[in-house]
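Subject: A structure for you to explore

Hi,

Here is the structure I promised to send you. Have a look around first, and then read on for what turned up.

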Amino acid sequence: MKHWFARVKKHLKSPFVWIALLYLLSAKGHMEVIDTEYSVRTAKAMIEHGNMRIEPVDKDFLAISVNPSADGKIYSQYGLGLPILFIPFITLGKILASIFGQPEERLVYFALSFYNIPFALLGLWFLKGILLKLGRDIPEANATLVLLAVGTAYWPYAVTDFSEVTQVAFLLGAMHAILSHSERKWLSFSLWFALLASIKLAYLIFLPLFLAYALYENWGDYKRQAKTVMHSAAFLLPLGLVLAYANHARFGSILESGYGSNPGIGFGIQYFLRTAFPSILSLKYGLLFFNPILLTFPLWSKVLHASKRFALLCIALMVTWFCLMCSYSYGWGWAWGQRYVFLLIPISMICVSFAGLGKKNLLRVSIFSIIAVTSCFIQLVAVSTKFHEPLTMQIKAEKQFEGPYSPQLPSTILLFSHKLFDGSTNNPLSIIGGDENESVDLSSYESFRGFNFWPVHALKFFGLDEYERMVGLSLLSIIAIIQFGLLKIHLPKLLSKRHSE
């Protein structure tokens with residue numbers, strides 16, 4: 001018994017346990033993203049009908065879809081990896097529906113609302129492994145993954161049905177693999193990168209960068225270079241053949257992935273000039289405002305000293321992806337900040353593990369701590385609210401207030417404040433920049449009532465509305481205690497003076 005208690009105590013000291021609990025408590029319990037519905041319907045079609053044709057989520061998409069059928073069904077334009085990934089969660093939802101006699105759709109969505117969490121934890125595990133391989137010690141690595149997990153948009157994305165966190169987990173898996181000293185590390189890279197490409201083909205733009213890294217690593221040894229290339233192709237080549245066949249079967253061409261008929265899709269310098277600066281510095285979707293902890297970016301100079309080759313690869317990955325996504329015609333998706341450049345966040349956080357190097361300075365420690373606390377507060381606001389709410393307020397209040405509307409970040413903070421101190425769905429118009437004496441009633445939107453946590457939404461489902469506010473405030477308190485408790489424990493370990501260097 002004593003041995004068992006010792007093991008439990010050891011596990012409770014791990015930040016992973018508390019981060020997992022935090023994510024489980026703050027998950028949504030329902031689907032929030034319309035794009036996810038395409039992959040859900042594709043997965044259900046595969047389970048129920050053995051094919052991938054689906055009813056379009058948006059009927060207007062039928063006009064620009066590639067190869068629609070006579071009965072109005074289409075093939076999803078999104079990657080095949082996500083529907084396959086969804087199959088176990090949809091199966092679980094179906095089983096729960098048959099056991100409890102509840103609507104299948106609601107329970108399928110409930111199960112899927114948690115799907116990102118295991119991948120978020122996997123990504124954090126890979127990040128810790130990367131940091132240890134770069135020479136960081138365990139306290140520094142733990143502190144860094146805590147800051148990523150609760151102090152950046154990694155948390156809001158981990159508890160919604162956006163696929164960005166899953167994508168990042170696979171990318172971090174590929175990056176972790178290449179730092180290994182194993183002879184078979186490029187086989188492992190191939191597996192993780194193949195999984196990544198199966199969700200989003202755009203990541204193939206990284207392949208030349210990883211290949212250049214591999215060839216430089218074995219410079220002059222042509223036999224090892226050839227072996228590395230073969231290992232890298234072990235999973236990627238079969239995946240390419242499968243995707244080529246699937247594209248031909250669905251769309252009639254191996255080069256067509258479902259976007260070919262959409263006139264709005266494109267890349268150009270004009271889109272980059274429009275989107276690049278706001279993606280870094282704006283209250284609408286700027287990375288630095290939504291994740292202040294990324295102000296530590298100058299610490300990359302220390303990563304260069306630890307591993308110049310790997311640091312240059314990381315910087316090349318970030319620059320390439322930023323330029324590609326900011327050149328995209330859609331610019332940014334309505335989410336929490338700039339979701340198209342989300343992968344810059346976890347890669348950027350590698351440099352944070354070097355914050356403790358050098359002579360300890362009270363001013364530097366104080367500034368870093370204030371930035372970390374601010375970043376954590378912003379993410380608490382994000383997970384407690386639904387990102388659609390300010391946008392919906394703008395649509396509902398068009399006749400009352402034509403703008404200009406407040407950017408997303410201040411609007412969401414004001415919305416959080418209203419939920420905290422008032423709690424009604426009669427939201428002051430000042431939240432979106434209007435007159436504070438006017439309001440917008442969002443009571444018809446069930447998921448907008450109270451804080452955006454699954455236990456709160458469950459109370460609505462069971463008709464226990466009178467307990468919403470009490471449970472919501474209690475849950476918010478528990479979540480905040482865990483979040484800032486993790487920060488209090490681990491941040492000093494990151495900023496403490498290192499005598500060994």
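Predicted model: local features only at pLDDT ≥ 70, side-chain atom pairs only at ≥ 80, totals over all residues.

How many salt bridges does a search of the whole structure find? The search gives 14. One of them joins arginine 339 to aspartate 35, with the closest N and O atoms 3.6 Å apart. Arginine 339 sits in the loop between H16 and H17 and aspartate 35 in helix H3 (residues 34-48), so this pair ties together parts that are 304 residues apart in sequence. Is arginine 339 buried or exposed? Its relative accessibility is 12%, and residues under 20% are called buried, so arginine 339 counts as buried. Aspartate 35, at 26%, is partly exposed.

Helix H3 has another partner to show you. Glutamate 48 forms a salt bridge with lysine 94, and here the closest N and O atoms are 2.6 Å apart. Because glutamate 48 lies in helix H3 and lysine 94 in helix H4 (residues 81-100), the pair ties together parts 46 residues apart in sequence. Glutamate 48 is partly exposed, with a relative accessible area of 40%, and lysine 94 is partly exposed too, with 21%. These two residues also belong to a network of salt bridges that links Lys44, Glu48, Lys94 and Glu104.

Aromatic rings

Now for the rings. A pair of aromatic rings is described by the distance of the centres and the angle of the planes. This structure holds 34 aromatic pairs. Among them, phenylalanine 114 and tryptophan 454 form an edge-to-face pair, 6.2 Å from centre to centre with 70° between the planes. They are 340 residues apart: phenylalanine 114 is in the loop between helix H5 (104-112) and helix H6 (116-133), and tryptophan 454 is in helix H21 (residues 454-461). Phenylalanine 114 is buried, with a relative accessible area of 15%, whereas tryptophan 454 is partly exposed at 28%.

For another arrangement, turn to tyrosine 154 and phenylalanine 342: their ring centres are 6.3 Å apart and their planes lie at 25°, so the pair is stacked. Tyrosine 154 is in helix H8 (residues 154-158) and phenylalanine 342 in the loop between helix H16 (308-326) and helix H17 (344-348), 188 residues apart. Both of these residues are buried. Elsewhere, ring pairs connect Phe119, Trp125, Phe126, Phe170 and Trp192 into a cluster.

Rings can meet charges here as well. The charged end of arginine 136 sits over the ring of phenylalanine 354, 3.9 Å from its centre. Arginine 309 places its charged end over the ring of tyrosine 213, 5.2 Å from the centre.

Last, which residues make the nonpolar surface patch of about 430 Å²? They are Phe277, Ile280, Leu281, Leu283 and Phe289. Of these, isoleucine 280 lies in helix H13 (residues 269-280) and is partly exposed, with a relative accessible area of 34%.

Enjoy exploring, and write back with any questions!

Best wishes

Conventions
Residues numbered from 1 in each chain as written. Heavy atoms only, no water. Patch = residues over 30% accessible without salt bridge, like charges linked within 9 Å, V, L, I, M, F, W, Y side chains within 5 Å. Areas by Shrake-Rupley, 256 points an atom, 1.4 Å probe, with all protein chains shown as cover. Salt bridge = Lys/Arg side-chain N within 4 Å of Asp/Glu carboxyl O. Helix = DSSP H or I, 4+ residues; strand = E, 2+ residues; numbered from the N terminus. Buried < 20%, exposed > 50% of the residue type's maximum accessible area, 1.4 Å probe, protein only. Phe/Tyr/Trp six-rings, centres within 6.5 Å; stacked < 30°, edge-to-face > 60°. Lys NZ or Arg CZ within 6 Å of the ring centre and 35° of its normal.
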